[in-house]
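This note is for a colleague opening the structure for the first time. The points below can be read with the model on screen.

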Amino acid sequence: MRNNNAFKALFSTELKLIIRDGNIIIFGIIIPVAVMFVIGLLVSKEELTASYAGVAGIAVLATGFMGIPATLAQYRHDGILRQFKATPLNPFMLLVVDTILEVVFVLVSCALVSCAAYFVFHVHVVSPVRFIFIYLFNIFVIYSMGNFIGALVPDIQTCNSVSTLLYFPSLILSGTTIPFAMLPRALRITAEIFPMTHANLLLADAALGITGPYDIIRFSVLAAVAVICYAVSVKVFRW
Amino acid sequence: MRNMESSEQVITVRNVVKTYPAGGHGRHARPEVQALRDVSLSVHRGEIFGIIGENGAGKSTLSECMTGLQTCSSGTISVLGMNPADTSASSRRALLNKTGIQLQQTKFPDKIRVWEMCSLYEGLYEKPAPYAELLDKFGLLQKRNMPVAALSGGQKQRLSVVLALIPQPEVLFLDELTTGLDPKARHAVWDVIKSLQQGGMTILLTSHFMDEVEYLCTRIAVMKQGRICAEGTPSSLMEEHHSKNLEDLFLLYMAKENEDKSINKFGDEE
């Protein structure tokens with residue numbers, strides 16, 4: 001009962017703080033919906049189905065590479081996790097609540113982008129169940145990397161640098177804001193080093209209802225990356 | 001004044017040693033540090049027990065070992081009959097529901113409001129005190145809708161004491177209670193702390209302010225380089241050493257301990 005109250009108190013407080021901070025609203029909701037409209041006006045309907053998958057992933061990228069590691073590093077830097085250790089609350093619950101909230105915002109973002117794609121541009125996802133499964137899988141993978149960064153970085157400045165190094169190239173090259181097919185070949189090859197590229201290609205295939213030759217390999221490699229990242233994060237985590 | 005002290009031991013510390021291992025590399029390398037060396041003491045129910053000592057004497061480490069924020073390398077600690085080093089969730093919850101802890105440095109999320117912080121803490125404890133009453137006692141009721149970031153240093157310090165009192169603790173740990181407070185606010189906070197003791201609360205106070213310790217504490221321990229070098233009531237210790245106040249006594253102990261060592265005027269070993 002008390003745990004329930006603690007969870008509710010923490011959830012409502014963290015929700016208010018996230019909304020007041022505003023970053024997740026701008027980068028996780030407004031930008032993806034705006035990008036959906038821009039791309040929708042620029043490309044053909046067929047290309048838009050593949051692009052829609054990438055746009056839906058912008059919120060995953062923003063929360064996974066910017067939100068989660070920054071929250072972890074900031075809380076550690078400010079001693080907030082340590083302060084919660086002086087209360088009956090398990091500080092781990094704070095991290096769980098933050099992750100749940102990030103996922104909620106991502107799902108809201110995905111719902112809004114999907115509504116825009118479906119109602120305004122008449123995009124139809126061919127395999128919706130597979131699409132949802134891959135979308136949740138992508139959240140699992142990208143968040144593992146966010147936790148990995150948050151656990152390893154010594155301070156908030158390093159965290160911001162590492163997150164920026166991963167976030168912006170992924171945002172531009174991984175098919176989230178610029179359709180992957182529109183990139184020159186050299187950039188497409190470069191983009192293959194980013195996990196988000198493979199996550200988006202899996203999602204695009206699900207949206208189009210096709211199975212690419214490398215989908216199984218992509219899925220397996222991303223799953224392995226996630227397992228390794230979560231294992232290392234737990235091992236090296238510091239309050 | 002009503003004397004609420006009893007002979008019941010609420011905190012017992014026996015032969016506690018805390019060693020921070022050597023670590024780091026290159027210019028970040030740090031040697032092994034013995035923060036606590038065979039420390040033993042007892043705190044009785046209803047006491048305000050003060051721990052004084054120079055910077056780095058081990059006061060905060062001892063206090064944090066008592067609250068379970070750190071674990072001692074050897075020795076035993078009991079608080080309200082419980083072991084603060086027991087990390088199981090149920091034991092931690094049981095102990096922390098009966099103790100209030102004000103850390104030396106308290107940080108809050110910048111954008112949180114005063115009442116939201118209190119409300120959050122209210123949700124964490126089994127029998128929380130009404131926070132509005134506590135805010136009023138510490139002169140913060142008018143500030144309840146302000147973001148914590150907009151509070152002054154002294155107001156933040158008072159808020160940290162309010163949060164420590166929300167669980168209605170049997171034992172209250174205060175680490176540098178009045179740092180950053182102006183004299184008027186310090187006296188007001190002292191009066192509240194005195195009234196809590198008169199209500200039966202046991203308080204462990206770690207402080208650099210000798211006037212505060214002299215005014216509040218029923219017994220004190222003087223710490224020097226991880227050891228307790230004196231323990232007793234402030235008046236008995238002052239009488240024993242013919243000191244006119246606690247500050248003189250403190251300086252006397254520090255000078256005595258430093259005689260055989262190369263210690264500079266700031267208390268650092270050279």
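**Notes on the two chains**

1. Helix α2(A) passes α4(A) in a right-handed crossing. The model is a predicted one. The axes of α2 (residues 23-42) of chain A and α4(A) come within 9 Å and cross at roughly 155 degrees. Because of that angle, α2(A) is roughly antiparallel to α4(A). On the α2(A) side the contact is made by A:Ile24, A:Phe27, A:Gly28, A:Ile29, A:Ile31, A:Pro32 and A:Val35. The α4(A) side supplies A:Ile58, A:Ala59, A:Ala62, A:Thr63, A:Met66 and A:Gly67. Sorted by class, this contact has 10 nonpolar residues, 3 polar ones and no charged ones.

2. Helix α4 (residues 58-78) of chain A also packs with helix α6 (residues 91-120) of chain A, at an angle of about 160 degrees and with the axes 10 Å apart. That angle makes α4(A) roughly antiparallel to α6(A). The crossing of α4(A) and α6(A) is right-handed. From α4(A), the residues in the contact are A:Ala59, A:Val60, A:Thr63, A:Gly67, A:Ile68 and A:Thr71. From α6(A) they are A:Asp98, A:Thr99, A:Glu102, A:Phe105, A:Val106, A:Ser109 and A:Cys110. By class, the contact of α4(A) with α6(A) divides into 6 nonpolar, 5 polar and 2 charged residues.

3. One residue to look at on the chain B side is B:Glu116, which touches A:Thr13 and A:Lys16. B:Glu116 is placed in helix α3 (residues 114-122) of chain B. Is B:Glu116 buried or exposed? B:Glu116 counts as buried, because 21 C-beta neighbours lie inside 10 Å. Between B:Glu116 and B:Met146 there are 9.8 Å in space, C-alpha to C-alpha, and the two are 30 residues apart in sequence.

4. Chain B has an open sheet of 3 strands in the order β2-β1-β4, with antiparallel pairing. Strands β2 (33-44) and β4 (74-79) of chain B stand at the edges, each with a single partner strand, so one side of each has no neighbour in the sheet. From one strand to the next the twist averages 15 degrees. Strands β1(B) and β2(B) run antiparallel and are joined by 8 bridges. Within β2(B), B:Gln34 stands opposite B:Thr19. Helix α1 (residues 59-67) of chain B lies across β1, β2 and β4 of chain B and runs at about 120 degrees to β1(B).

5. Of its 5 residues, 5 are buried, so β7(B) is largely enclosed by the rest of the structure. In a regular strand, side chains alternate between the two faces of the sheet. In β7(B) both faces are covered: B:Thr202, B:Leu204 and B:Thr206 are buried on one side, and B:Ile203 and B:Leu205 on the other. Strand β3 (residues 48-53) of chain B pairs with β7(B) in the parallel sense over 4 bridges, and B:Ile48 stands opposite B:Ile203. Strand β6(B) also pairs with β7(B) in the parallel sense, over 5 bridges. The bridge partner of B:Asp175 in β7(B) is B:Thr206.

6. Two backbone values in chain B deserve a check by eye. Most residues other than glycine have a negative phi. B:Asn15 has a positive phi, near 50 degrees, and is placed in strand β1 (residues 9-20) of chain B. B:Asn15 counts as partly exposed because 13 C-beta neighbours lie inside 10 Å. B:Glu176 also has a positive phi, near 55 degrees. Its place is in the loop between β6 (171-175) and α6 (183-198) of chain B. B:Glu176 is buried, with 21 other C-beta atoms within 10 Å.

Definitions and conventions. Residues are numbered from 1 along each chain as its sequence is written. Chains are lettered from A and ligands numbered from 1 in the order in which they are written. This is a predicted model: local features need pLDDT of at least 70, side-chain atom pairs count only at pLDDT 80 or more; totals for chains, interfaces and linings use all residues. Axes are lines fitted to C-alpha atoms, for helices over the stretch in contact, and angles run from 0 to 180 degrees between N-to-C directions. Angles under 35 degrees count as roughly parallel, over 145 as roughly antiparallel, 65 to 115 as roughly perpendicular and the rest as oblique. A crossing is left-handed if the near helix is turned anticlockwise from the far one by less than a right angle, and right-handed if clockwise. Two residues are in contact if their C-beta atoms, placed from the backbone, lie within 7 Å. Ala, Val, Leu, Ile, Met, Phe, Trp, Tyr, Cys and Pro count as nonpolar, Asp, Glu, Lys and Arg as charged, and the others, Gly among them, as polar. A residue is buried if 20 or more other C-beta atoms lie within 10 Å of its own, exposed if 12 or fewer, and partly exposed in between; C-beta atoms are placed from the backbone. Two strands pair if DSSP finds at least two bridges between them. Lists of a residue's contacts leave out its neighbours within four places in sequence.
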